[in-house]
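The sequence and the model are shown below.

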Amino acid sequence: ISNCIETYISQDIGETEGKLSIDYDYYKKTSAVKTPNDWILTPEVNHTFTMKLNKKSSLSFIPTGSVDFGTRNLYSHVAANSGLDTTLTNTNTSNLTAKQKKLLEQEQKEETTNNSSFGILDYTIALSVNYKIKNFEIEPAFNYTSPLYRPAGQSTKSFGYGTLNFTYTIY
């Protein structure tokens with residue numbers, strides 16, 4: 001379970017919008033070791049191309065690009081809590097007492113749940129199509145995300161997904 005606080009600033013220059021989002025993600029403690037939280041900065045830019053179809057309707061195309069930069073504690077958190085951590089299997093523990101094994105396990109778990117290094121996480125490109133007629137809007141969109149940070153043992157495949165928004169504006 002995670003929680004997020006987000007804020008952003010944006011600037012319009014004609015039909016182009018620049019935006020900088022700042023996220024602070026904090027995670028519920030699910031194991032004996034608390035995972036540090038994450039900071040994520042996302043610069044984003046989009047441009048709106050609008051065609052008037054008639055007096056009360058329009059069609060807009062909105063390509064968007066963004067890059068996520070941030071700390072990488074979530075990846076370590078997932079690995080430590082899903083059994084992906086294999087550091088103990090590579091360590092000879094046959095000569096250790098039960099107490100020493102437990103201390104070693106705790107120490108290695110702490111190492112795998114802390115990765116506060118800051119860097120590029122992923123990039124996203126999206127295309128939204130907005131059809132507006134009077135007070136109604138329908139907006140299908142396609143998003144494609146490609147992870148740039150690829151930790152070993154975790155699925156980091158690129159993926160795409162679609163969304164569909166319906167809006168009615170009351171004036």
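## Basis of the description

Helices (H or I, at least four residues) and strands (E, at least two) are taken as DSSP runs and numbered from the N terminus. By that rule, the protein chain holds two helices and eight strands.

The model is predicted: local features need pLDDT of at least 70, side-chain atom pairs count only at pLDDT 80 or more, and totals for chains, interfaces and linings use all residues. Residues are numbered from 1 along each chain as its sequence is written, and side-chain values use heavy atoms, with hydrogens and water left out.

## Overall architecture

Read from the N terminus, the order of elements in the protein chain is β-β-β-β-β-α-α-β-β-β. A contact is defined by heavy atoms within 4.5 Å. Of the contacts with a separation of 6 or more, 54% join residues 24 or more positions apart.

Accessible areas come from the Shrake-Rupley method with a 1.4 Å probe, and for residues only the protein chains shown count as cover. The chain exposes about 11400 Å² of accessible surface, 58% of which belongs to carbon and sulfur atoms. A residue is termed buried under 20% relative accessible area, exposed over 50%, and partly exposed in between. Buried residues account for 29% of the 171 residues.

## Asn3 in strand E1

Asn3 belongs to strand E1, which covers residues 2-13. Its relative accessible area is 36%, so Asn3 is classed as partly exposed.

Beyond its neighbours within four places in sequence, Asn3 is in contact with Tyr24, Asp25 and Tyr26. Asn3 and Tyr26 are 23 residues apart in sequence, yet their C-alpha atoms are 5.4 Å apart.

## Asp23 in strand E2

Asp23 is part of strand E2 (residues 16-27). Setting aside neighbours within four places in sequence, its contacts are Cys4, Ile5, Glu6, Asp38, Trp39 and Ile40.

For charge, Lys and Arg count as positive and Asp and Glu as negative, while His and the chain ends are not counted. A salt bridge requires a side-chain nitrogen of Lys or Arg within 4 Å of a carboxyl oxygen of Asp or Glu. Asp23 is buried but has no salt bridge; the nearest side chain of opposite charge is Lys19, 9.0 Å away.

## Thr169 after strand E8

Thr169 lies in the segment that follows strand E8 (159-168). With a relative accessibility of 24%, Thr169 counts as partly exposed.

Apart from neighbours within four places in sequence, Thr169 is in contact with Asn135 and Glu137. Lys134 is 35 residues from Thr169 along the chain, and their C-alpha atoms are separated by 8.9 Å.

Notes
Buried means under 20% relative accessible area, exposed over 50%, partly exposed in between (1.4 Å probe, protein chains only).
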